[in-house]
Amino acid sequence: MFSELQPLMAHPDLPSKQDTSQDDKREKDPVQPAPTNLQRAKARFLKGVSYFAGDMSIFAKWMEKQFFLLQLLDWVLRGAAQVMFVNNPLSGLIIFAGLILQNYWWALNGFVGTLFATISALILQQSRGAIAAGLYGYNGILVGLLMAVFSNKGNWYWWLLLPNVFMSMMCPIVSSALASINSRWDLPVFTLPFNILVCLHMVATGHYNHHFPQVLIQPRSELPNITWAEIDVAKLFMSVPVGIGQVYGCDNPWTGGIFIISLFISSPITCAHAVLGSAVGMVSGLALAAPFGDIYFGLWGYNCVLACIAIGGMFYALTWQVHLLAITCAFFCAYLGSAIANIMSSFGLPACTWPFCLSALTFLLITTGTKKIFKLPLAKVTFPEKNLGFYWKLKKQEKKEKAEKEKSESEEQQKAIEEEVILNEKEQLRMALERIEEGRAESEESEGENDETNEEDRAPGAERQETEEEDIRHNDLTSVTSIENV
Amino acid sequence: MFSELQPLMAHPDLPSKQDTSQDDKREKDPVQPAPTNLQRAKARFLKGVSYFAGDMSIFAKWMEKQFFLLQLLDWVLRGAAQVMFVNNPLSGLIIFAGLILQNYWWALNGFVGTLFATISALILQQSRGAIAAGLYGYNGILVGLLMAVFSNKGNWYWWLLLPNVFMSMMCPIVSSALASINSRWDLPVFTLPFNILVCLHMVATGHYNHHFPQVLIQPRSELPNITWAEIDVAKLFMSVPVGIGQVYGCDNPWTGGIFIISLFISSPITCAHAVLGSAVGMVSGLALAAPFGDIYFGLWGYNCVLACIAIGGMFYALTWQVHLLAITCAFFCAYLGSAIANIMSSFGLPACTWPFCLSALTFLLITTGTKKIFKLPLAKVTFPEKNLGFYWKLKKQEKKEKAEKEKSESEEQQKAIEEEVILNEKEQLRMALERIEEGRAESEESEGENDETNEEDRAPGAERQETEEEDIRHNDLTSVTSIENV
Amino acid sequence: MFSELQPLMAHPDLPSKQDTSQDDKREKDPVQPAPTNLQRAKARFLKGVSYFAGDMSIFAKWMEKQFFLLQLLDWVLRGAAQVMFVNNPLSGLIIFAGLILQNYWWALNGFVGTLFATISALILQQSRGAIAAGLYGYNGILVGLLMAVFSNKGNWYWWLLLPNVFMSMMCPIVSSALASINSRWDLPVFTLPFNILVCLHMVATGHYNHHFPQVLIQPRSELPNITWAEIDVAKLFMSVPVGIGQVYGCDNPWTGGIFIISLFISSPITCAHAVLGSAVGMVSGLALAAPFGDIYFGLWGYNCVLACIAIGGMFYALTWQVHLLAITCAFFCAYLGSAIANIMSSFGLPACTWPFCLSALTFLLITTGTKKIFKLPLAKVTFPEKNLGFYWKLKKQEKKEKAEKEKSESEEQQKAIEEEVILNEKEQLRMALERIEEGRAESEESEGENDETNEEDRAPGAERQETEEEDIRHNDLTSVTSIENV
């Protein structure tokens with residue numbers, strides 16, 4: 001049932017990784033008899049990096065034996081980072097630092113959201129591996145954060161924790177339900193539970209509610225005149241980190257910068273696509289004549305960031321075709337973002353990450369004839385670098401199999417040719433024998449039987465032989481006795 | 001194809017029920033040699049109850065042989081009750097009585113809707129069992145009723161019957177189409193066809209239509225101030241039956257009370273969850289600062305009623321975990337109800353039962369590791385009490401199988417130990433024999449053969465024997481003849 | 001993966017068609033020894049028609065060997081016609097003529113849209129057969145046309161080509177993604193990609209956008225008074241071809257007339273259902289009190305046209321039940337059209353062909369017990385006439401199989417009766433033999449063995465024989481020797 005949530009788990013991957021490296025070693029050993037100093041240094045460096053980069057699987061394994069509350073903290077931190085598809089507690093810690101830099105109250109709400117979402121998943125007995133990878137926490141942090149961000153009661157309105165806890169605890173339920181549907185197409189649920197639950201809360205209460213009023217969002221009936229002279233290039237460049245910060249609802253560029261660092265620690269490919277996505281969003285905003293304020297505020301960026309990460313190496317193995325696809329997806333996502341923001345504003349709602357979810361799901365549902373766009377099975381998704389390794393391994397294996405197949409085919413052809421030659425020789429002998437036996441008529445019946453079997457044997461090469469038979473008839477006979485042994 | 005609609009059918013269940021009871025009897029007979037008077041009275045009472053409670057399967061069987069119009073009436077009555085998941089013509093009759101108490105014209109429209117929906121299902125050759133269980137009628141009655149309730153032309157506007165008949169006849173088509181989709185996840189269609197078709201009619205015509213104008217529904221731009229002093233506790237308590245009445249669009253508390261009775265007749269568990277759901281809806285309304293008028297009018301209750309019934313024992317087997325889940329679902333449904341009502345009002349639409357459908361479907365899609373939350377296969381769903389029986393039977397069977405498995409495992413272990421003992425004895429005898437035969441050398445070859453077979457036989461216990469062999473060698477020989485019989 | 005797009009391919013059908021016709025000939029030959037002149041003329045006429053009617057599969061085969069740009073033109077023309085489910089380049093050519101008659105700029109945009117959608121499908125390496133059938137082009141032409149139609153910048157605003165090309169190139173991506181979902185229910189994607197992408201573009205930019213402003217569409221808050229005296233019957237009749245023209249966003253009745261001709265060329269059944277659908281839409285508009293202007297403008301017709309074509313013979317085999325279903329679907333589609341137009345106008349959007357897509361998908365998802373409503377497997381869908389041929393062939397084969405089954409059953413019965421007779425005779429002989437052998441007691445054992453085999457042989461008829469045995473005992477014996485041969 002929960003196979004769709006296993007992908008980002010750290011534990012099951014560990015043994016397979018070790019196996020792989022051992023296999024690789026065994027294969028490599030005869031080739032590389034003695035590693036140079038440089039290679040040794042590189043290996044030592046990579047091993048050092050593996051302790052805190054990627055999905056920190058060694059740390060996760062060590063964590064398994066620790067005190068429960070410590071484990072829970074690990075899961076919460078991983079959950080915080082999973083918003084950006086990063087399964088790394090260190091990144092999560094840095095992200096929380098960024099959130100504190102932005103706003104204490106928001107950070108607290110985010111933490112409460114992650115915590116209760118994880119606890120709810122434990123109560124509902126969801127897959128322990130998925131919980132440990134933070135896959136039940138990331139919707140919680142977003143729900144907590146965004147409910148605080150869009151609350152009209154300002155900071156430190158403690159009653160807000162009540163719907164916050166309720167909605168966070170609903171996250172695993174909605175996640176589980178959506179996963180039942182999406183797993184039919186081997187698709188992840190992304191941040192759909194967050195989108196559903198935050199929109200639910202906001203539209204159920206609304207701006208005029210007495211207990212939980214929301215920020216007033218209204219549809220735009222007119223756009224300000226845009227003059228290119230007014231553009232502020234510094235702010236435009238700043239919109240790239242701000243766009244990344246807006247994934248967590250933060251408009252502080254320093255917070256965005258910290259998030260970039262946290263991404264780089266875990267996976268440079270993810271980090272690069274995040275920056276690229278944010279830039280694409282900015283450009284799309286300019287192309288569609290969006291107000292500069294929105295662009296500076298990062299509203300055009302955050303969906304593209306997520307879409308670009310998801311397509312560019314996370315759920316597809318990164319080739320340059322996939323890279324182009326990721327950029328296309330980011331453009332499509334920006335377009336969609338504008339459309340959804342306009343529609344949602346009629347109901348007083350923000351766009352949330354609906355544009356990212358819908359565009360990424362669309363691009364993951366594509367089927368194509370080319371092998372260069374390879375969608376990883378959901379259970380094998382980890383982080384872009386490792387995904388790439390998986391893809392290369394698969395490709396290598398395919399190549400090997402193909403080579404072996406070709407080899408066996410050519411061998412078979414060779415064999416067939418040889419057999420034909422043997423059959424031709426047999427035929428020659430038979431003919432010679434017949435000529436000899438024309439003289440003496442004894443033992444005819446047994447000879448006839450031999451004839452029949454020969455007739456059957458030569459079936460594959462029969463057509464060619466018939467034309468050759470006449471020539472053969474004039475050949476000489478050397479060893480008649482060999483016929484008896486056929 | 002229609003397996004998803006079989007669940008509430010009366011007929012196929014009957015024989016299996018009889019079989020079960022017979023099986024139970026056979027099993028019980030040796031335990032209970034003679035029932036006491038009390039037991040006999042209880043059995044007689046239960047038999048009497050079974051004639052009009054539950055799904056009235058005996059009545060349904062008797063009905064099969066009756067005149068077609070009488071059968072149709074049975075189906076229509078069952079359809080009327082199926083809105084509340086009750087497959088019982090008596091409940092249906094009482095519900096119609098409640099509707100007549102509320103409004104003659106509405107009751108007529110409801111009847112026309114149920115009738116034409118059932119007829120349309122017959123024309124489209126849908127599953128006869130599903131039709132007989134009223135599964136094609138309940139959307140019809142809701143379509144008929146609610147089109148009358150929301151019509152702005154007042155009562156006895158006869159032209160309304162035209163779209164009423166058309167929409168009712170579309171019910172089985174939409175039901176069938178939705179079932180094709182939902183059956184992939186083994187989910188029922190609930191009242192989705194009703195929601196789709198009534199919203200369709202209302203939004204297609206709208207408030208300003210000249211032929212079929214609708215009641216004007218507008219989004220709320222401001223909420224009245226709420227002072228807890230103003231609360232009317234009597235009305236608040238009354239809102240519980242009113243909420244149950246609102247399932248059929250009725251605001252009369254007496255009608256709601258009659259509906260409660262009709263539920264109790266068929267299934268007390270359903271009845272209890274209905275009341276509980278309505279109460280949860282009321283509390284949610286207070287928590288989210290809803291205007292008191294809405295709460296008194298039962299608008300916060302009816303979706304929760306349906307959601308609480310559906311989760312609490314109808315589609316899940318009732319355990320206390322499921323009971324808690326049903327209450328959670330009711331709270332979620334109330335939240336969702338407020339959200340959907342706000343969104344739909346932008347289009348001049350009521351919330352209908354969308355919140356119930358969406359929340360119940362979400363909670364039915366959950367997958368969990370615990371066995372205490374057991375979702376019944378859709379084809380086995382009948383009514384909570386019987387569902388519980390099915391669940392207990394399954395559990396009992398599982399337990400039995402487990403016990404048997406354990407028993408057979410322990411027996412196997414016992415057997416293995418015994419075999420080892422026998423083999424040891426054989427070995428001893430063999431050794432003794434060998435020692436005897438050292439004296440006389442005749443008939444050595446046949447002995448050698450016996451040896452070999454012995455070697456093979458003792459394979460399982462071989463390892464231990466090799467260490468014991470030396471001790472055995474010194475043992476005495478008592479009966480050599482027995483070897484021949486081994 | 002792309003099996004859902006193969007249906008309308010021309011190539012794979014060709015050989016099977018030839019095979020069929022040869023099979024038919026072979027079967028017919030013995031029956032019709034010499035065709036009359038009339039038959040010969042008819043055959044020649046049908047062959048001539050087949051060159052330009054239907055899906056022009058002979059032309060498609062010839063096209064395969066041509067220059068690539070010529071092939072691309074063929075695909076674009078087929079794509080233009082595929083909007084109406086017509087896989088015919090001649091129809092596509094005529095449709096482009098109709099578009100040019102309407103508006104040069106629109107026609108250009110439509111051409112650009114089709115071209116780039118097809119090119120994008122080639123880049124994404126989609127199924128070549130589907131591309132060749134125009135299945136990736138029809139969304140492109142609609143996207144191109146409607147973006148031009150709804151642009152507020154008027155004709156010849158060249159910048160519009162930029163989003164036009166981008167959106168057209170997104171068509172195959174969205175098509176492929178939707179096909180992944182719809183293929184689970186063996187459903188086509190219809191014009192959903194067009195609906196999604198055009199709505200996306202319109203709502204993302206909106207009326208007040210500086211770069212790509214859209215025509216202002218606002219929800220209707222009041223309807224004009226309708227007096228039947230004001231009705232213009234000529235315009236009402238004209239609304240039928242206008243409705244067909246509105247499929248491509250054209251309000252010129254001549255353009256609509258040209259489209260009717262293009263439909264008739266390929267498939268008269270399609271053409272008839274298109275006209276019927278447009279008429280149903282007009283009637284529905286009158287029934288629901290729509291403003292006459294909308295009806296004259298064809299806004300009530302175009303969705304019904306498409307829905308009526310899709311259900312009436314295209315995806316279901318045309319029987320009279322399916323014909324009635326198609327009319328029902330057209331009425332439902334008109335109702336839905338009004339509803340969706342009202343909802344979409346809140347967001348400044350036109351209804352596009354959402355009503356057609358949703359109603360046709362609903363009617364294709366129906367499951368029913370009757371065999372008269374036969375949904376063709378998607379891979380076998382071509383055009384109504386050929387679909388009908390496929391259905392008849394299938395039905396004929398089924399009948400044949402049934403007849404054969406019945407025949408073999410009756411033969412078996414006959415055989416069983418005969419065997420019984422033989423067994424009876426055997427029994428008589430055995431009895432007679434026994435009586436004879438009472439006298440002489442030799443060779444009893446071998447007789448006993450025979451007895452046993454006889455006992456086994458007569459098993460099937462054993463019961464009856466036992467009652468007959470007594471009569472048989474008094475029968476006379478004539479040929480004892482025959483027993484030895486049994």
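Is Lys371(C) buried or exposed? Select Lys371(C): this residue is exposed, with a relative accessible area of 64%. Buried means under 20% relative accessible area, exposed over 50%, and partly exposed in between, with a 1.4 Å probe and protein chains only.

The model is predicted, so local features need pLDDT of at least 70 and side-chain atom pairs count only at pLDDT 80 or more, while totals for chains, interfaces and linings use all residues. Residues are numbered from 1 along each chain as its sequence is written, chains are lettered from A and ligands numbered from 1 in the order in which they are written, and side-chain values use heavy atoms, with hydrogens and water left out.

**Stop 1: chain C**

Lys371(C) lies in the loop between α17 (354-365) and α18 (384-439) of chain C and Glu398(C) in helix α18, so the pair ties together parts that are 27 residues apart in sequence. Glu398(C) counts as partly exposed, at 41% relative accessibility. A salt bridge here is a side-chain nitrogen of Lys or Arg within 4 Å of a carboxyl oxygen of Asp or Glu. Helices (H or I, at least four residues) and strands (E, at least two) are DSSP runs, numbered from the N terminus.

Next select Glu434(C) and Arg430(C), whose side chains meet in a salt bridge of 2.7 Å, N to O. About one helical turn separates them, because they are four residues apart in helix α18 of chain C. Arg430(C) is buried, at 9% relative accessible area, whereas Glu434(C) is partly exposed, at 30%.

**Stop 2: chain B**

Select Arg78(B) and Asp74(B). Their salt bridge has its closest N and O atoms 3.2 Å apart. Both residues are buried. They are four residues apart in helix α4 (residues 68-82) of chain B, so about one helical turn lies between them. Over all chains, the structure holds 15 salt bridges.

**Stop 3: chain A**

Select Glu427(A), Arg430(A) and Glu434(A), which are linked in a network of salt bridges.

Lys and Arg count as positive and Asp and Glu as negative, with His and the chain ends not counted. A charge is placed at NZ of Lys, CZ of Arg, CG of Asp or CD of Glu.

- Positive: Lys372(A), Lys395(A), Lys399(A) and Lys402(A). Lys372(A) is in the loop between α17 (354-365) and α18 (384-439) of chain A, and is partly exposed at 36% relative accessible area.
- Negative: Glu406(A), Glu409(A), Glu411(A) and Glu412(A). Glu406(A) lies in helix α18 of chain A.
- Nonpolar: Tyr51(A), Phe52(A), Ile58(A), Leu90(A) and Leu93(A), with about 440 Å² of accessible area together. Leu90(A) is in helix α5 (residues 89-102) of chain A, and is partly exposed at 31%.

Accessible areas come from the Shrake-Rupley method with a 1.4 Å probe; for residues, only the protein chains shown count as cover.

**Stop 4: the axis**

Notes
Patch = residues over 30% accessible without salt bridge, like charges linked within 9 Å, V, L, I, M, F, W, Y side chains within 5 Å.
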